[in-house]
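Work through the exercises below with the sequence and the model at hand, trying each task before reading its solution. Each solution goes step by step.

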Amino acid sequence: MARISSHDPERQEILTRRATLFGGVFTLGLFVIGGRLFQLQIAEHQKYLDLANDNQFNRRVLTPLRGEIVDRFGKPLASNRQTFRLLLIPEQAKDLEAAFDAVHTIVPLSEERRARIRRQMRRRGQGTPIEIEADLSWDEFARINYDLPHLPGVLPEVGEARSYPLGNATAFVVGYVGAVIDKDIAEVVDESEENLLRQPGFKVGRDGLERTYDRELRGVPGALDVKVNAYGRVIEELTESQTSPQQGKTLALTIDAELQLAAMKELEGESASAVVLDVVTGDVLVLASTPAFNPNDFNFGIKPDLWKQLNESPYHPLLNKPIAALYPPGSTFKMISAMAAEMSGISTSFSVSCPGKLWYGNRFFHCWKKGGHGGGINMKNAIKHSCDVYFYTVAKSLDIDVLAEAARKLGLGQKFDLGIPGQKQGVVPSRDWKKAYFAHSPENQTWFPGETLSVIIGQGYVTTTPLQLAVMTARIATGKEVRPRIVRVIGDKELPPNAFPDIDIDPKYFGTIRAGMDAVVNEPGGTAVRSALENPAWRLAGKTGTSQVYAITAADRARGLAKPEDLPWERRDHALFVCYAPFDNPRYACSVVVEHGIGGARMAGPKAREIMRAVLAKDPASREPFDPRKAPLQQQARAG
Amino acid sequence: MAIALPGPRRDIRSTLARLHWPLIAMLSMIGAAGVLTLYSAAQGSWTPWALQHLARFGMSLGLLIVVALIGMRFWQALAYPIYAVALVALILVPIFGVERLGAQRWIDVGHFQFQPSELMKIGLVLALARYYHGLRVEQVSHLLYLIPPAIMIGAPVGLIFMQPDLGTAMMLAMTGVAIVFLAGLSWRIGFLGLLGGVGAAYAAYYFDILHQYQVERILTFLDPDRDPLGKGYHILQSKIGLGSGGLAGKGYMEGTQSELKFLPEMQTDFIFTIFGEEFGFIGAIFLLALYYMVIMTGVGIALRAKTHFARLVAMGVLVTFALYVLINCGMVMGLAPVVGVPLPLVSYGGTVMITIMVGFGLVMSAHLSREGEGGIGI
């Protein structure tokens, strides 16, 4: 390498040029930086100032307490209880799995649960707190709080959970609440509702009145601005700008919790339902269904094995039997049959002799009583003894459409506006109905007189719900167009009391059937004399019913199956009983259906009697009902 | 070769007087801005950063003067040995290194740890300057003479890249290339080389040589707003800090972004955000003006230096310093990827401070050896 002078001028000249260029490039770079600073700090200053305030201040939604549901005397059927829960804010947890493991040492977190939390997190984003455990014990809650410094992003909180003090007894009336799903979010009307629904652990009504009146029960959320640091830790609460949440409206029902419990107890062990109505107001006092799930099990999401068990039980504990199960009314239909016969011109004194069966068309129609009822069966006695042959006889001269019209006027074949989802309509067969029903097979559309013989004893196509049977009984008792209701007051709005018009049936047609029902219970030889109440002021008028589930065949008889008890449970007949009381001045109507209970007189009647005994003893209609507008204000607010 | 100690007392005093005191004053003001900001970042506390920073600055300033007094001839003589030591240390990192935050960058030497990559920043500048000091201008652009600098740059850059420390590797490569250009590389060859570099970068991306987090950083840089709580979070929070500061700032110790801990690593990489948030546009421009004056003063010193070696060393140091400033500022404002480059003399951190101040010691040494005035030492 040649020795060169440090004073090589050309070399120095290039360096000078390029160093100047470097200085220029650096200056340019600083201008770019300065320009960017100008953009951020001067031009877009307001935008970033707003963002900085957003960073600093969080608007917290204050979740309102859900409105209570109370019975007619103010006894809570659905209320709120304090819970200890655990929230997780994913963006603060940084390492989600580590947070799970840390929590797991105190509260077990299954892999399924973790997967669910991860899913929720993906859906709702990093910033939304997620409920990882809804109902901690005090001990767990205390330990979590103790370990909090090692649990970033974990937030223990005192929350509220729905509580159903009567448990399964009112399961089908109040329903239950459940977690918010995407569909609920998709249906929100505005942002404030969406914010409320996105509150961790927020619940919406999923069934029953909780579902129908969900919006009324939710209440109005409040808001609180808080100053938080980057870890979400609240540094300051700006209470002066706070708006308090308002608890949801109280629903006061017509249900009488005490009587509801009494009915549930009476039906215990059976797959059954009971309805009690105030025939004057239409108030549903009892709407009982057994067996029933416990809505408290649904509060934090039902456990899969319990759900499976509920779904697979032959007793259908998820079916709201009083309004959603359909049964052939059996002999409880005979009041309608008798009334239709009378309206068709058959005299109440017309009587038949019952040999136990009647030949019609090409076969025998059997009376329920083997050997028959003998002679002298007029209309009243036909009801008293529930004589099938009498009704077969009048059916021959009865038009099915007249029967159908009477049935509809007395409340069958229609839904009533109770506010409880899942009500069934049932079937009142008529010529038009059959035409529509068999729209795709014209050869089956013709109504055959033999079919009227089945319908007239409440079999065949006709189906009803226990609620419809109770309404029917109430309408027979009063002659008015009784319509049931279950919600009496919403918040401070009292629903107008019902004033029922007279039924469009000549009052003269009610006398005989009422007398028949009275005889069923109170005359010797009546099918339900065992169901009479000893207090004469409580005189009960009723009607038994047994609706066939399975016809015992000749082959069964050959195998030795003669009695219904020999049949497997699910093939036994349903037992029904309808009644009202007091006979002279009707106030309460009741229907009881015991699935596969074999006989109305034996199974349903005594249960109805006991329920009515409790109802009449208490006489809820005579007592002042609860008025939430006069009730003391409850604690309204809770920070969310 | 004997190490030259400062001469007689009288000489030291006169030499001290000849130091470029305005430059030292500017550097001290920048260091003071660091102390001020670190005090604020700790919510008005000298610990854990401000006092330490002040002490380090004082020590480093002493080091600067010592390096300056030692004289350019000595550094010229030691240029290659220092580079060799740094290279060996870099090779030893994977063997004896200490892993921190997923990267091996540190070596334990007795009680303290040091980063060979920092030593290499000085070493490479010295070695390249020494190399070009011995070349005639027509040799600079000769392909054969390009091989040694290519190796000198490539070897440490490759080693640091594999630690992995993308930011430092890129800084080092850019500094090296800048010195080659300053030494007079023809634009034609430079352009071709640049083309090759871009190709290599593309290949690196294509063949997955970059770590996932490095790719992520670059992608996030391209659009930080697309995912405000994800990867672009830091940049966005930094922009919010600066932007909310406005013209005059929120006032000293009034920055909410830092107080509420929205800024990550605020005492190191994002210190400028705190400064800008609290002192606003006016304060930030003032700090940038200080940097500008340091660089321009430095360039003036470099161009008046006596030897080609001194000129190139001074320019190399200034390039490194300028890159720190531009990359860090660009980073906190969302103009450059977040690569972990501190703001020189303001960010908390000892090794970078030492590197910078030793570098300015060399600039100062170039100043003392400026033409016509001679230097002390050997």
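## Exercise 1: a sheet in chain A

Task: describe the sheet that contains β12 and β19 of chain A, and find the strands at its edges.

Solution. Five strands make up an open sheet of chain A, in the order β12-β11-β21-β20-β19, and their pairing is antiparallel. Here strands (E, at least two residues) and helices (H or I, at least four residues) are DSSP runs, numbered from the N terminus, and two strands pair if DSSP finds at least two bridges between them. The edges are held by β12 (284-290) and β19 (541-547) of chain A, each of which has a single partner strand, so one side of each is left without a neighbour in the sheet. From one strand to the next the twist averages 5°, where axes are lines fitted to C-alpha atoms (for helices over the stretch in contact) and angles run from 0 to 180 degrees between N-to-C directions.

Before going on, a word on the model. It is a predicted model, in which local features need pLDDT of at least 70 and side-chain atom pairs count only at pLDDT 80 or more, while totals for chains, interfaces and linings use all residues. Residues are numbered from 1 along each chain as its sequence is written, and chains are lettered from A and ligands numbered from 1 in the order in which they are written.

## Exercise 2: the two ends of the sheet

Task: follow the pairing of β12(A) with β11(A), and then that of β19(A) with β20(A).

Solution. Begin with β11 (272-278) of chain A, which pairs with β12(A) in the antiparallel sense over 6 bridges; in this pair A:Val276 stands opposite A:Val286 of β12(A). The two strands form a hairpin with 5 residues between them, and in the turn A:Gly282 has a positive phi of about 80°. Although β12(A) is an edge strand, 7 of its 7 residues are buried, where buried means that 20 or more other C-beta atoms lie within 10 Å of the residue's own (exposed: 12 or fewer; partly exposed: in between), with C-beta atoms placed from the backbone. Helix α12 (residues 257-267) of chain A lies across β11(A) and β12(A), running at about 30° to β12(A).

In the loop between β20 and β21 (588-594) of chain A lies A:Pro582, which is joined to A:Ala581 by a cis peptide bond with omega about -15°.

## Exercise 3: a core in chain B and the contact with chain A

Task: say which residues touch the most other members of the largest nonpolar core, and which helix of chain B gives the largest share of the side that touches chain A.

Solution. A nonpolar core is a set of buried Ala, Val, Leu, Ile, Met, Phe, Trp, Tyr and Cys residues joined through C-beta atoms within 7 Å. In the largest, of 128 residues, B:Val313 and B:Ala314 touch the most other members, and helix α14 (residues 308-332) of chain B gives the most to this core, with 19 residues.

For the second part, two residues are in contact if their C-beta atoms, placed from the backbone, lie within 7 Å. By this rule 44 residues of chain B are in contact with 40 residues of chain A, and α13(B) supplies the largest share of chain B's side, 12 residues.

## Exercise 4: confidence

Task: how do the mean pLDDT values of chain A and chain B read?

Solution. The pLDDT is the predictor's confidence in each residue, from 0 to 100. Its mean is 87 in chain A, where 95% of residues reach 70 or more, and 84 in chain B, where 81% do. For the complex, the predictor gives an ipTM of 0.90 and a pTM of 0.65.
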